[in-house]
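Open the model in your viewer and keep the selection panel at hand. This tour tells you what to select, stop by stop.

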Amino acid sequence: MKGAGPSVGSRSLLSRLATGDEFARLVTLIFAASVVLITVMVVWQLWTNSVLPRHKFGLRFLISDVWDPLADQFGALPFMYGTLVTSAVALLLAVPLGIGAAIFLAELAPPRISDTLQFFIDLLAAVPSVIYGLLGFLVVVPLMRTVIFPVLNKSLGFLPLFKGPSYGVGFLTAGIVLAMMVIPYIISVSREVLLSVPRDQREAALALGSTRWESTWKVVVPFARTGIMGSIFLALARALGETMAVTMVIGNTPKVVASLFSPGYSIAAVIANEFTEATGDLYVQSLFELGLVLFLMTFILNGLARLLIIVTTQRGSGVGNA
Amino acid sequence: MKRVASLVVAVLVLGTLLYAQNPLTVTGAGASFPYPIYSKWFDEFHAKNANVQFNYQSVGSGAGIKQVTEGTVDFGASDMPMTDELIKAFQDKRGTGILHFPAVLGAAVPTYNIPGVTATLNFTPEALVGIYLGKITKWNDAAIASANKGVTLPANDIVVVHRSDGSGTTFIWTDYLSKVSSEWKNKGGSINWPVGLGGKGSEGVTGLIKSTPNSIGYVELIYAVQNNVPFGAVKNAAGTFVKADLASVSAAAAAAAKDMPADFRVSITNAAGAKAYPISSFTWLLIPQKWQDAGKREAVKKFLYWMLADGQKDTEALSYAKLPKEVADKEKKAVDSIQ
């Protein structure tokens, strides 16, 4: 803003502040900068507090599946695996359900029903994760052992994914609980995005002779695709970092196994569980490094997500032109 | 503007002065297992000594040791004694020693869920170690069955449950396992579990056991008593099967009192004595030897004297076993050495 002229520059800072504009600009700038500052501080802390294991293990930390505080051997693989698997299961379940529900609420349901349901969805989104954890522990875990496991194991037991035994807790249970937690996010954001699709888009499609569903599925949903993707990434971020609900139902056993019924562990859960009683610098710092790994995983997945949006929106517009 | 600024300064100064009139605050952090009794003690002590306030955060033993070493709190608390390594780190950082004061006693008990079995099971050390090492995998294994004549045990696989979060209960449990078996290894709060599911907290372990047939786990005695969790008896060093209660836990401490080392860093698991419950432990307050602040030092000393005398009367109402008199008397002498 140097080019704004000497008359501005010569006015005292105080008088410029007094007009309000400059004041608002400064204050909001500080607020915006704090986001960057906090991110930098988090990374800096995680980095400086994980010097020992980074030097001792190097990249082995990422590919080792040994987590043995007795022998001072630490590897992140079982936790990375658990975090990714539970999040993937959660999204596989939550995305179709969430988007389906959002389409119904935005396009097909009468406004009164849509608004009422939206109220409940917002309520669900505000439920603390420990409640979902309890629900998972008291309802999903027994259900898993008595119903879901026998059914899946009988029908699909030949796949390594569904081999037994089941203790009720494990990757699949954690994935289901996470799915329950993230569905409200997907519905809520996707519904808003679908509702904001311009009316003329729908009318144009209907005028060309498409049915209600065709206009929804072929015009409205592709138009809102970027926003819907956004809702999925929000859900993914929540699933990756969820601690309490996961640790209550995942079984807390650091293992890399194909079976979804097997107990496992996630990064956030092990940090929460072991940080308080960890003795020895290498142990504590390895937990910090796990935090760093989780941060990087979130960062990379977010980057990939953005890339995906760019690619698909380009392809989307190409289809639209053709 | 100037007037506003001077007003702000005046308020700040006045506020600081007023704050200084408030009671002296001594801060501590550490073990969560003794938190209920500590908070009762600190409340009661404050009621008797209005000028002193204790502020205790139950952040876990490891974090408590870390915080007192860093000097961010005045004292620490831990369910396991500090290792020589940790004591040296404290010495290097703070230029003074750290003293251990046993405060109360705790115990870990085996709890299980076997469909069709309602009797109280007896566990030998060999059976518990075998189960937790993953070597005994069936309930009708001879090591378990031989101690439970007359009970029909099923031929089902044992589902082993342990705590996933670090805890004093786990420390007591594994300290015992390492004492009765050369095969079991652990170091402080660090364990590499050979088998089993991890449950978060006592409620997580209990919940898993209740919902999983043929499972076994361990919880602290207080939790088991207050929540009516059934638990088994364990064979002690004298060869008697003992069920944990306040008397048998105190008996374990009394057995150890005779050879109590001067620094009180002693494990009383597998204690001698026919009545002693073998999976018992002290929980310690960690107090720096030298204090810069004379006011805080006197407050802490006064509290320790009170805790070792009148304070012990509060323990049993909260299901903690109290210190044997010999131990408390010995500790009083150690309090004198705080400078």
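Start with the sheet in chain B that has the order S2-S1-S3-S11-S4-S8-S6-S7. It is open, has 8 strands and is mixed in its pairing. Strands are DSSP runs of E with at least two residues, helices are runs of H or I with at least four, and both are numbered from the N terminus. Two strands count as paired if DSSP finds at least two bridges between them.

This is a predicted model, in which local features need pLDDT of at least 70 and side-chain atom pairs count only at pLDDT 80 or more, while totals for chains, interfaces and linings use all residues. Residues are numbered from 1 along each chain as its sequence is written, and chains are lettered from A and ligands numbered from 1 in the order in which they are written.

Axes are lines fitted to C-alpha atoms, for helices over the stretch in contact, and angles run from 0 to 180 degrees between N-to-C directions.

**Strand S8.** Now select 215–220 of chain B. S8(B) pairs with S4(B), residues 98–113, in the antiparallel sense over 6 bridges. Find Pro110(B) opposite Tyr218(B). Then find Tyr112(B), whose bridge partner is Ile216(B). S8(B) also pairs with S6(B), here in the parallel sense over 2 bridges. There, Val159(B) has Ser215(B) as its bridge partner.

Are the residues of S8(B) buried or exposed? In S8(B), 6 of 6 residues are buried (20 or more other C-beta atoms within 10 Å of a residue's own, with C-beta atoms placed from the backbone). In a regular strand, side chains alternate between the two faces of the sheet. Ser215(B), Gly217(B) and Val219(B) point one way; Ile216(B), Tyr218(B) and Glu220(B) point the other way.

**The helices.** Select 168–180 of chain B, helix H7. H7(B) lies across S4, S6, S8 and S11, at about 80° to S4(B). Next, select 294–308 of chain B, helix H11. H11(B) lies across S1, S2, S3, S4 and S11, at about 65° to S1(B). Contact means C-beta atoms, placed from the backbone, within 7 Å.

**Last stop.** Another open sheet in chain B has 3 strands, S5-S9-S10, with mixed pairing. Select its edge strands, S5 (122–123) and S10 (241–242). S5(B) runs parallel to S9(B), residues 233–235, with 2 bridges joining them. Finish at Asn122(B), opposite Ala233(B).

Technical notes: Contact = placed C-beta atoms within 7 Å. Buried ≥ 20, exposed ≤ 12 C-beta atoms within 10 Å, placed from the backbone.
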